[in-house]
Amino acid sequence: MISYGHHRYPGQLFVVEGTDGSGKSTQLALLHQWLKAEGYPVFFSEWNSSPLVKDTTRRAKKRRLFTPTTFSLLHATDFADRTERNIIPPLKAGAIVLADRYIYTAFARDVARGCDRAWVRETYKFAVKPTVAFFFRAPLDVAIERIASARPNLKFYEAGMDMDWSDDEEESFKIFQGKILDEYDHMVNEFGLTAIDATQSIRVQQRQMREIVGRHLKEKMKEKVLLPK
Amino acid sequence: MKEMKFYGTAIPGLDIEPYSGKLIVIEGTDGVGRSTHVALLRTWLESSGQAVLDTGMTRSVLAGRGIKNARAGHTLGRLTMQLYYATDFADRLENQMLPALRAGFVVLTDRYIYSAIARAVVRGADPEWVRRIYGMALVPDAVFYLRVRSTEELAGRVLASGRGFDYWESGMDLGLGDDYYDSFIAYQKLLLREFDRMKGEYGFHEIDASRTVRRVAADLRRSVARAIDDESTALPHVREKSKTEPEEDDAIKPAIKTGSDKAKAG
């Protein structure tokens with residue numbers, strides 16, 4: 001069966017999760033630089049990046065075609081393509097895979113939109129279990145403040161406007177992010193997420209991240225992919 | 001009116017109210033004549049005054065085009081394919097089938113979740129996993145399973161249709177045979193085995209599709225009439241035929257064509 005679960009591939013999978021504005025992408029980019037400089041083979045994969053699904057997602061967002069169920073399933077489709085194309089093969093080849101957002105993003109968002117918790121988890125059962133899943137936790141007001149300054153115009157689905165929680169975009173976004181944060185908090189124990197306090201300075205967070213990732217790295221990973229046969 | 005019943009977890013945010021339409025599924029492997037019979041049934045139902053919506057795989061507004069493009073590229077992975085089809089199904093269920101059923105339409109669907117399950121399982125997916133994803137599906141009023149006696153017969157029909165063998169219908173992604181023909185036969189055999197397994201589980205009404213189109217059509221009309229008629233008596237065809245009426249086989253007489261083509265109710 002195609003269900004990866006605890007993989008036995010030689011590579012390692014590190015993922016970052018957190019609400020919008022938690023700073024997770026910045027942290028992952030810094031980690032990426034470091035691993036490359038150290039000589040490890042690294043492969044980067046991000047949410048919503050499947051070439052087979054991208055156009056469909058873009059069109060659906062523009063024309064507002066999604067319901068919570070189809071939003072969930074199309075993102076699962078995208079994630080499946082990422083898994084089959086960008087996650088399993090590099091792991092088999094012994095590389096380090098870095099993923100910006102993973103299944104927990106779907107669990108948080110889709111459940112916040114009203115999808116059944118067990119159903120969403122079942123849908124993603126084929127996913128590979130990460131070596132470490134970092135959860136960058138920023139309190140709601142901090143995250144919203146960061147988003148507001150960086151992206152003044154919220155998009156329809158990003159703000160959860162499809163859910164009719166509020167007519168006001170900013171208000172709707174806050175409600176949505178609050179629900180998402182609740183879901184993440186529940187998942188820390190359920191999936192053993194490694195929580196990082198995202199209110200600390202970028203350097204402090206990166207040091208913590210590197211310390212944890214470093215424990216899983218082995219010198220031989222560098223050779224495995226880089227040495228000519 | 002009938003209560004909505006789902007196989008598993010219903011779609012969130014759905015009004016689970018009784019509905020007055022009928023959901024009729026035509027299932028079966030590739031080349032078995034499903035689309036021909038859906039078209040015949042539609043004409044016949046409309047001529048007897050029923051509003052009909054017909055739908056089928058990859059016909060969703062949301063994902064239909066994306067799936068077709070992905071299939072054309074032949075780079076669709078096994079899991080990705082299953083989930084793309086599930087997205088297409090969910091979109092059609094929420095935006096086409098359920099609104100039409102609430103509005104009292106007969107919904108005729110060319111394939112339902114069973115084809116999707118069969119294809120996924122043949123490709124190594126966990127049968128429980130696929131079934132749970134499709135737990136959102138409404139339990140249909142009737143499922144007619146068109147079955148031919150041999151897969152070689154299917155190959156003949158696919159050729160006769162003029163379309164020839166298709167990459168995915170031949171299961172070429174599975175590497176089952178050296179060429180399209182061998183692969184088609186091997187793949188359709190696997191599918192047939194899955195369909196036969198599901199027959200009892202989902203209560204398929206099997207129809208022998210190796211007979212002439214007319215006989216199969218007559219058989220389907222009788223069975224569909226029965227499925228539709230359990231409360232309403234709108235269909236004249238269900239009554240015992242009198243001596244002056246023509247043979248059932250000749251009964252494809254579109255009387256009044258109702259304008260239900262634009263059946264995007266709701």
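The points below describe a predicted model with chains A and B.

1. Make-up of chain A. Nine helices and five strands form the secondary structure of chain A. Read from the N terminus, the order of these elements is β-α-β-α-α-β-α-α-β-α-α-β-α-α.

2. Overall dimensions of chain A. The C-alpha trace of chain A spans about 60 × 40 × 30 Å along its principal axes. The radius of gyration of chain A is 18 Å, and this agrees with a compact globule because such a globule of 229 residues would have a value near 17 Å. Of these 229 residues, 45% count as buried.

3. Contacts within chain A. Take the contacts in chain A between residues at least 6 apart in sequence: 81% of them join residues at least 24 apart.

4. Make-up of chain B. Chain B has eight helices and five strands. From the N terminus, they follow the order β-α-β-α-α-β-α-α-β-α-α-β-α. Chain B has 266 residues, and 43% of them are buried. Among the contacts in chain B with a separation of 6 or more, 77% are between residues 24 or more positions apart.

5. Where the chains touch. The contact between the chains involves 30 residues of chain A and 29 residues of chain B. On the chain A side, helix H2 (54–63), helix H3 (68–92) and helix H5 (117–123) each supply at least two residues. Which helix gives the most to this side of chain A? H3(A) does, with twelve residues. By class, the residues on the side of chain A that touches chain B are 14 nonpolar, nine polar and seven charged.

6. H3 and H4 of chain A. H3(A) also packs against helix H4 (residues 103–112) of chain A: the two axes come within 11 Å and cross at roughly 180 degrees. An angle over 145 degrees counts as roughly antiparallel, so H3(A) is roughly antiparallel to H4(A). From H3(A), the residues A:Pro68, A:Ser72, A:His75, A:Ala76 and A:Phe79 take part, and they meet A:Ile103, A:Ala106 and A:Asp110 in H4(A). This contact has five nonpolar, two polar and one charged residues.

7. Is H4(A) mostly covered or mostly uncovered? H4(A) is mostly covered, with ten of its ten residues buried. The buried residues of H4(A) include A:Tyr104, A:Phe107, A:Arg109 and A:Val111. In chain A, the buried residues of H4(A) pack against strand E1 (12–17), H3, H5, strand E4 (132–137) and helix H7 (169–191). Just after H4(A) comes A:Gly114, with a positive phi of about 105 degrees.

8. The nonpolar core. In soluble globular proteins, nonpolar side chains tend to be buried together. The largest nonpolar core here has 133 residues. Those with the most contacts inside this core are A:Ile96, B:Ala86, B:Val107, B:Ile117 and B:Tyr134. Helix H3 (residues 78–102) of chain B contributes the largest share of the core, 13 residues.

9. One core residue in detail. What does B:Ala86 touch, not counting residues up to four places away in sequence? B:Ala86 touches A:Leu73 in chain A, and B:Ala116, B:Ile133 and B:Tyr134 in chain B. Of these, B:Tyr134 is also listed among the core residues with the most contacts.

Technical notes:
Residues are numbered from 1 along each chain as its sequence is written. Chains are lettered from A and ligands numbered from 1 in the order in which they are written. This is a predicted model: local features need pLDDT of at least 70, side-chain atom pairs count only at pLDDT 80 or more; totals for chains, interfaces and linings use all residues. Helices (H or I, at least four residues) and strands (E, at least two) are DSSP runs, numbered from the N terminus. The radius of gyration is taken over C-alpha atoms; the globule rule is 2.2 Å times the number of residues to the power 0.38. A residue is buried if 20 or more other C-beta atoms lie within 10 Å of its own, exposed if 12 or fewer, and partly exposed in between; C-beta atoms are placed from the backbone. Two residues are in contact if their C-beta atoms, placed from the backbone, lie within 7 Å. Ala, Val, Leu, Ile, Met, Phe, Trp, Tyr, Cys and Pro count as nonpolar, Asp, Glu, Lys and Arg as charged, and the others, Gly among them, as polar. Axes are lines fitted to C-alpha atoms, for helices over the stretch in contact, and angles run from 0 to 180 degrees between N-to-C directions. Angles under 35 degrees count as roughly parallel, over 145 as roughly antiparallel, 65 to 115 as roughly perpendicular and the rest as oblique. A nonpolar core is a set of buried Ala, Val, Leu, Ile, Met, Phe, Trp, Tyr and Cys residues joined through C-beta atoms within 7 Å.
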